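Dear colleague,

I am handing over the structure below, and after it I set out what was found. Please read the notes with the model open beside you.

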Amino acid sequence: MRPAADEPERAAEAALRPRRLEEFVGQRVVRDQLSLVLQAALGRGLAPDHVLLSGPPGLGKTTLAMIIAAELGASLRVTSGPAIQHAGDLAAVLSSLEEGEVLFIDEIHRLARPAEELLYVAMEDFRVDVIVGKGAGASAIPLSLPPFTVVGATTRAGLLPAPLRDRFGFTGHLDFYADDELERVLVRSAGLLGVPLEGTAAAEIASRSRGTPRIANRLLRRVRDWAQVRGDGRLSLAAARSALQVYEVDERGLDRLDRSVLDALCRRFGGGPVGLTTLAVAVGEEPETVETVAEPFLVREGLIGRTSRGRVALPPAWEHLGLPVPAPSDTLFG
């Protein structure tokens, strides 16, 4: 479940995305606030304020950007922070925008500093300064831009510079989904896929989806595959459990990497504390992979803790692995 989705996977995910705000499940507060912003802008006949969406991956930031463009009846231009490494790259994108167009910048906190400074002026004054010439003879020629809306998405809002963050008129933070919300997502997705999904199966998949619709939809497609190849085509509770066992997703939503981290922390290092690099070597992964992919969920579930001395296993981690919880004097997790 960890590797990046290939093209068929991306196409399948795109097909399941809601197209309108009323179709979007969950995130009630953000959805209501965004609806007001868009309706007011449409009523005035003006481009809405710039929108910043933050939150963990897979919660719907890209989907909301597409919905914003659809609700406004405007086209959507998509780019990302890592793809814009020079101010000239951003200037080329901005100068080609049409009036009312929506520019979606994913991982906006990773914009290069020169591009950030150019974006400040473009968002506030709708202009870019084109530098002509070099050295002492260089001059800036202001180029006016038509009104447009920037939708920025970030998984790490704390890394966004304050001057850039302040230029967004609306900021929405997306939270993890509750299981009942994920069940509604799964029922909708199953209908679009044309497969029968039993309520108990939807609840089972939702409980293992880590509060994330993207993961829920991926697991749904894997259960569909199992039911098609090894079952009777129905997505029943038994089919869901069998499929998720094949794909190594346990009852708490932990996968192979998650369990490897817990196993190494508890069995090899006695519960810790242990440094991130040492832990990554023990599970055969890069430190960044452990820190950004496995650790956030394990910390959120109360399975591991982060201390100044390293990572430590908390009592639920030992219980999840079926190991006796050490006495407080035997470990430093307290």
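Gly310 has its place in strand E9 (residues 310-313), where strands (E, at least two residues) and helices (H or I, at least four) are DSSP runs numbered from the N terminus. This is a predicted model, in which local features need pLDDT of at least 70 and side-chain atom pairs count only at pLDDT 80 or more, while totals for chains, interfaces and linings use all residues. Residues are numbered from 1 along each chain as its sequence is written, and side-chain values use heavy atoms, with hydrogens and water left out.

Gly310 is buried, with a relative accessible area of 5%; buried means under 20% relative accessible area, exposed over 50%, and partly exposed in between, with a 1.4 Å probe and protein chains only. Leaving aside residues up to four places away in sequence, Gly310 touches Pro273, Val274, Gly275 and Gly305, contact meaning heavy atoms within 4.5 Å. Between the C-alpha atoms of Gly310 and Asp232, which are 78 residues apart along the chain, the separation is 48 Å.

Turning to the helices, H2 (residues 28-44) and H3 (residues 61-72) pack at an angle of about 30 degrees, with their axes 10 Å apart; axes are lines fitted to C-alpha atoms, for helices over the stretch in contact, and angles run from 0 to 180 degrees between N-to-C directions. H2 is therefore roughly parallel to H3, since angles under 35 degrees count as roughly parallel, over 145 as roughly antiparallel, 65 to 115 as roughly perpendicular and the rest as oblique. In this contact, Val30, Leu34, Leu38 and Leu42 of H2 meet Leu64, Ile68, Glu71 and Leu72 of H3.

For H7 (residues 179-193) and H9, the axes come within 10 Å and cross at roughly 45 degrees, which means that H7 is oblique to H9. Among the residues that meet there are Leu182 and Leu186 in H7, and Leu220 and Arg224 in H9.

Helix H10 (residues 237-246) has as its buried residues Ala239, Ala240, Ala243 and Leu244. They lie on the same side of H10, because they cover an arc of only 120 degrees around the axis, the arc being that of the directions from the helix axis to the C-beta atoms. On the other side of H10, Ala238 and Gln245 are exposed, whereas the cover over the buried residues of H10 includes helix H8 (199-207) and helix H9 (213-229). After H10 comes Glu248, whose phi is positive, near 60 degrees.
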